[in-house]
Amino acid sequence: APAQAPAAKMLVEDIVSQDTFFLFTLPDLAATKTRFQNTSLAKFWNDSEMQQAVQPIIKAIAENENVKGVFAEIEKSTGQSLSNIMEVFNGQFAIAADSIPLNGKTLRVLLTIDAGAKKDRLEIILNKITAKVGKEMGGAVKSETFQVNNLTATSMDFGDMKICYVFINTNLVLTTDKAMLEEAVKNYMEKSSFVLSKNVNFVKAKEKCGPNYDGLLYVSTEAIYRMVGDQIPKEAQDILGALGLKDVKFIAASNTFLPNGNFNGNFYVHVPCDKKGLIKIAALSSAPSEPLLKNCPKNAVSVSVVNLNMKNAWDTMLTAAKAVTKDNPSVNIEEMIKAYEMQLGFSVGNDFLASFGDQFMFYSAFPEGGGLIPDTVCYVKLKNKNKFNECMSALMTGSPLAAMYEQISLTYKDTTITYFNTRLAERSREMGAMFDPEMMMRSMGPEAMGMMMMNAYFFSAYFVTKDDYIVSSNSTQALKRALDR
């Protein structure tokens, strides 16, 4: 007899409905594991010195009595060793949802695992777990088998929750709703057109994330809004509208391990109509500028370019704040900002934030001399260097922050590096020899306290280049290394 052709690979998007609002899928775990082993991250992890450092930690965790107890219970319940269980995850692994328990509807979640050649082992694990649960809960669990398109499925009713599962070829399909399982099998057998893979938004998401992704996250905000929109108060809807978030159709993110050892990550927000609010601000209107990218060192372990017009972001936040407080006569956002800017001596939006360019580049690179913590550096072109310097000078003389910081400068390679000493220890001693956030909040005010804490650990040093780039980081040493590069 002629050999049968292998069954076509089942993709989760071909069995779940077009109304699916959440999907996380790893299409081929075996291939992903192989590609991951070629990445720089895997090589770093497998390095002998790295393993020498982490193995004692791993051993201590593995020998912990609580951890050992959990592992022993898993192995007892499944009748398989942990390594045998992990081998089951060989092909596609995916989780999807198309309904939530609202307005009389039920929670509908689907999980699928392609066990490949380990299908029999996965069936044994399921049978073991089913028998154990049935024994422990006794009559509280109602179990039955039923037919779906000539396939034998199992249903377990726990009262408040139902679990149904069936195998399609080597794929386990498990759902929290019997109808959802029946629809999934029917969609696969009859090649239905009412599936997620035919949804125009999902097609666009896959197009943007590329065909060979190792992992994909898809969230249909349009589908979510259809389900919960009537539950959202009008005030909240007004805010969402002002921020441009009501126009978002879906969000997608993906990760792909590349043959050269790097990996590529995508994050996409789909707004087909005119963009406004935060979406308009974040939209990357042009490719990253070449002069900006030239500042990224060759040994960078990560780099990202963010499109952000900070002045527009400020205006959008003010618009949203006004929408929130429009019915509260005791709160006048414009007057509050005006009073604050009078104290500062400059306009936050029109002077300070408008002095920054629209593209920010962040990179991380390990110190050339060695070290476990990478330098994180930010570059952004200044539109108006003089206005930036004026605002910084005013900020450190006329604002509440002036009392919290000590501004210090040093020279390195003909470049002036400015950094801020937050004097945490000194302020702590003044307030009772112990760092007390509540006391400091009362003394300094929330704005000064928040800025002080943020800059104590993040971008508290900077310099400005001759071609008007401001370069910032969390330490002067990181900036010195940036100049060395």
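## Basis of the description

Because the model is predicted, local features need pLDDT of at least 70 and side-chain atom pairs count only at pLDDT 80 or more, while totals for chains, interfaces and linings use all residues. Residues are numbered from 1 along each chain as its sequence is written, and side-chain values use heavy atoms, with hydrogens and water left out.

## Overall make-up

The secondary structure of the protein comes to 20 helices and 17 strands, where helices (H or I, at least four residues) and strands (E, at least two) are DSSP runs numbered from the N terminus. Of the 485 residues in the protein, 38% are buried; buried means under 20% relative accessible area, exposed means over 50%, and partly exposed lies in between, with a 1.4 Å probe and protein chains only.

Among the contacts in the protein with a separation of 6 or more, 62% are between residues 24 or more positions apart, a contact being heavy atoms within 4.5 Å.

Strand β1 (residues 22–26) has a covered face made of L23 and T25, and an uncovered one made of F22, F24 and L26. This strand pairs with strand β2 (residues 93–99) in the antiparallel sense over 5 bridges, and two strands are taken to pair if DSSP finds at least two bridges between them. Within that pairing, A96 in β2 is the bridge partner of L23.

Strand β1 is also joined to strand β8 (residues 215–219) by 4 bridges, and these two strands run antiparallel. L23 has Y218 as its bridge partner in β8, and F22 has V219. Strand β8 is largely enclosed by the rest of the structure, because 4 of its 5 residues are buried. Strand β8 in turn pairs with strand β9 (residues 250–257) in the antiparallel sense over 5 bridges, with G215 standing opposite N255 in β9.

## The seven-stranded sheet

An open sheet is formed by 7 strands in the order β11-β12-β13-β17-β16-β15-β14, and the pairing is antiparallel. The edge strands, each of which pairs on one side only, are β11 (300–307) and β14 (406–412). From one strand to the next, the twist averages 20°.

Inside this order, strand β13 (residues 375–382) and strand β17 (residues 469–473) pair in the antiparallel sense over 5 bridges, and V377 stands opposite S473 in β17. Helix α20 (residues 476–484) lies across β12 (356–365), β13, β14, β15 (415–421), β16 (461–464) and β17, and runs at about 160° to β15. Axes here are lines fitted to C-alpha atoms, for helices over the stretch in contact, and angles run from 0 to 180 degrees between N-to-C directions.

## A residue in strand β11

V301 lies in strand β11 and counts as partly exposed because its relative accessibility is 48%. Leaving aside its neighbours within four places in sequence, V301 is in contact with S364, A365 and F366. The C-alpha atoms of V301 and L41 are separated by 9.2 Å, although these residues are 260 residues apart along the chain.

## Two helix contacts

The axes of helix α10 (residues 234–243) and helix α13 (residues 310–325) come within 9 Å and cross at roughly 165°, which makes α10 roughly antiparallel to α13. Angles under 35 degrees count as roughly parallel, over 145 as roughly antiparallel, 65 to 115 as roughly perpendicular and the rest as oblique. The contact is made by I239, A242 and L243 of α10 together with T316, T319, A320 and V324 of α13. These residues divide into 5 nonpolar, 2 polar and no charged, where Ala, Val, Leu, Ile, Met, Phe, Trp, Tyr, Cys and Pro count as nonpolar, Asp, Glu, Lys and Arg as charged, and the others, Gly among them, as polar.

Helix α4 (residues 65–78) and helix α6 (residues 119–137) pack at an angle of about 100°, with their axes 7 Å apart, and α4 and α6 are therefore roughly perpendicular to each other. E73, S77 and T78 of α4 make this contact with I125, K128, I129 and K132 of α6. By class, the contact of α4 with α6 has 2 nonpolar, 2 polar and 3 charged residues.
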